[in-house]
Amino acid sequence: MEGRNIILIGMMASGKTTVGGLLADRLGRALVDTDALIEHREGRTIPAIFAQDGEDHFRALEQQTAETLSHQTGLIVSCGGGLPLRPQAMAPLKESGVVFWLRRDPGATYDSGVLGDRPLAQDGRAAFLERFAQREPVYRRWADHIITDFSSPEATADAILEVLEA
Ligand code: S3P
């Protein structure tokens, strides 16, 4: 395992960054959140990037970020929910480590009211579930391991640590 990156993928607001933070603490590693890195580099928020330049431009930024991170080691990488949609973004990252899909139930995510101003979650519950259904095969394709315990962020982190220790 040592230097291999730990890469978290999954739908928006499934807990990647929260769980990634717990893993970072437990393992003494750095957490990198691709959304936060893009916002920092661009000096504007993700909703602003979508509104000003559109999704394709955001995906290109995501791809550049993924490419950069794939050359680093020992990180916990929390990926934006749509990053695995572009093989050019996800393939190098997967090469750099082990990929966990946080497969949280999308209805539970939606109902918990945590989606906020995410641009691709503004069209209601049915659209969110439909987006999840479309993405599910993509997440499945990239995942080395699928995590399904969302009883608490700690429990999700423990499930990942169990896999890593096995
Ligand atoms: C997106 C997920 C978001 C962010 C952007 C698009 C998506 O990240 O990258 O709003 O397409 O699923 P989170 O998964 O951190 O919410």
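Start with the lining of the largest pocket: its residues divide into ten nonpolar, nine polar and ten charged. Keep in mind that this is a predicted model.

**Stop 1: the pocket.** Select the lining of the largest pocket, 29 residues in all. Centre the view on Met-12, Asp-35, Ile-46, Gly-81 and Arg-118, the lining residues that lie nearest the pocket centre. Now colour by element. Helix H1 (16–27), helix H2 (34–42) and H3 each give two or more residues to this lining. H3 has the largest share, with six residues. The space inside the largest pocket comes to about 510 Å³.

**Stop 2: the ligand.** Show the ligand next. Where does the ligand sit? The answer is the largest pocket. Select its surroundings: 15 residues, with Lys-16, Asp-35, Arg-59, Arg-118 and Arg-135 the closest. Asp-35 and Arg-118 were already on screen, as two of the residues nearest the pocket centre.

**Stop 3: the shell by class.** Six residues are nonpolar, three are polar and six are charged. Then highlight helix H3, residues 46–70. Helix H3 gives the most to this shell, four residues.

Stop 4: Zoom in on the oxygen atoms of the ligand. Pick Asp-35: a polar side-chain atom there lies 2.6 Å from a ligand oxygen. Move to Arg-135. An N or O atom of the Arg-135 side chain is also 2.6 Å from an oxygen atom of the ligand. Finish with Gly-82, where the backbone takes over: one of its N or O atoms lies 3.2 Å from a ligand oxygen.

**Last view.** Zoom out with the protein surface on. On its own, the ligand has 390 Å² of accessible area, and the protein covers 95% of that.

How values were computed. Residues numbered from 1 in each chain as written. Predicted model: local features only at pLDDT ≥ 70, side-chain atom pairs only at ≥ 80, totals over all residues. Heavy atoms only, no water. Near = heavy atom within 4 Å. Polar contact = N/O pair within 3.5 Å; in protein donor to acceptor, adjacent residues only side chain to side chain. Areas by Shrake-Rupley, 256 points an atom, 1.4 Å probe, with all protein chains shown as cover. 1 Å grid on protein atoms, 1.4 Å probe; cavity = no way out; pocket = protein on both sides within 12 Å on 5 of 7 lines; lining within 4 Å. Sits in = over half its atoms within 2 Å of the grid points. Nonpolar A, V, L, I, M, F, W, Y, C, P; charged D, E, K, R; others polar. Points joined across faces, edges and corners; volume = space filled by probe spheres on them.
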